[in-house]
Amino acid sequence: VQLQASGGGLVQAGGSLRLSCAASGRIFSSYVMGWFRQAPGKEREFVAAIRWSNSFTYYADSAKGRFTISRDNAKNTVYLQMNSLKSEDTAVYYCAAAGRLATTIHGVDYWGKGTLVTVSS
């Protein structure tokens, strides 16, 4: 499985960004696709995940109410819509895939290259 993340950039606090993760290769319907992020000097942390088969979604507390994860099966793409961005959302965002829900880096089977999100205050 190959994952290609895109959509990062510079945005002002309160603004929005949409990240995309294009998946290729052998993607099983049981997979859970997700997003993690890593801020400077901090560990990589879970943000959100979605089951490929039924679109069940899961969010970190920091993302609830502001971020929305979704998927487009036809395009093999997962999105992360981020609204009301805060400076503390500044991080490199990584797309991830796993055979089961993974809320830590240890459960992830595949990683994409990160995309940088910078939120200016």
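The model is predicted, so local features need pLDDT of at least 70 and side-chain atom pairs count only at pLDDT 80 or more, while totals for chains, interfaces and linings use all residues. Residues are numbered from 1 along each chain as its sequence is written, and side-chain values use heavy atoms, with hydrogens and water left out.

**Stop 1: the disulfide**

Select Cys21 and Cys95. Their sulfur atoms are 1.8 Å apart and form a disulfide (a pair of cysteine sulfur atoms within 2.5 Å). The torsion about the S-S bond is -80°, making the link of Cys21 and Cys95 left-handed. Cys21 sits in strand β3 (residues 17–24) and Cys95 in strand β9, so the pair ties together parts 74 residues apart in sequence. Strands (E, at least two residues) are DSSP runs, numbered from the N terminus. Cys21 is buried, at 0% relative accessibility, and Cys95 is buried at 0% as well. Buried means under 20% relative accessible area, exposed over 50%, and partly exposed in between (1.4 Å probe, protein chains only).

**Stop 2: Arg37 and its partners**

Next select Arg37, Glu45, Arg66 and Asp89, which are linked in a network of salt bridges. Arg37 is buried at 6% relative accessibility. From Arg37 to Glu45, the closest N and O atoms are 2.7 Å apart, and Glu45 is partly exposed at 35%. Arg37 also meets Asp89 in a salt bridge, at 2.8 Å from N to O. That pair links distant parts of the chain, with Arg37 in strand β4 (residues 32–38) and Asp89 in the loop between β8 and β9, 52 residues apart. Asp89 is buried, with a relative accessible area of 1%.

**Stop 3: Lys64 and Asp61**

Select Lys64 and Asp61. Their side chains form a salt bridge of 3.2 Å, N to O, and both residues are exposed.

**Stop 4: two serines**

Most residues other than glycine have a negative phi. Select Ser55, in the loop between β5 (45–51) and β6 (57–59): its phi is positive, near 65°. Ser55 is partly exposed, at 29% relative accessible area. Then go to Ser84, in the loop between β8 (77–82) and β9 (91–98). Ser84 has a positive phi of about 50° and is partly exposed, at 42% relative accessibility.

Notes: Helix = DSSP H or I, 4+ residues; strand = E, 2+ residues; numbered from the N terminus. Salt bridge = Lys/Arg side-chain N within 4 Å of Asp/Glu carboxyl O.
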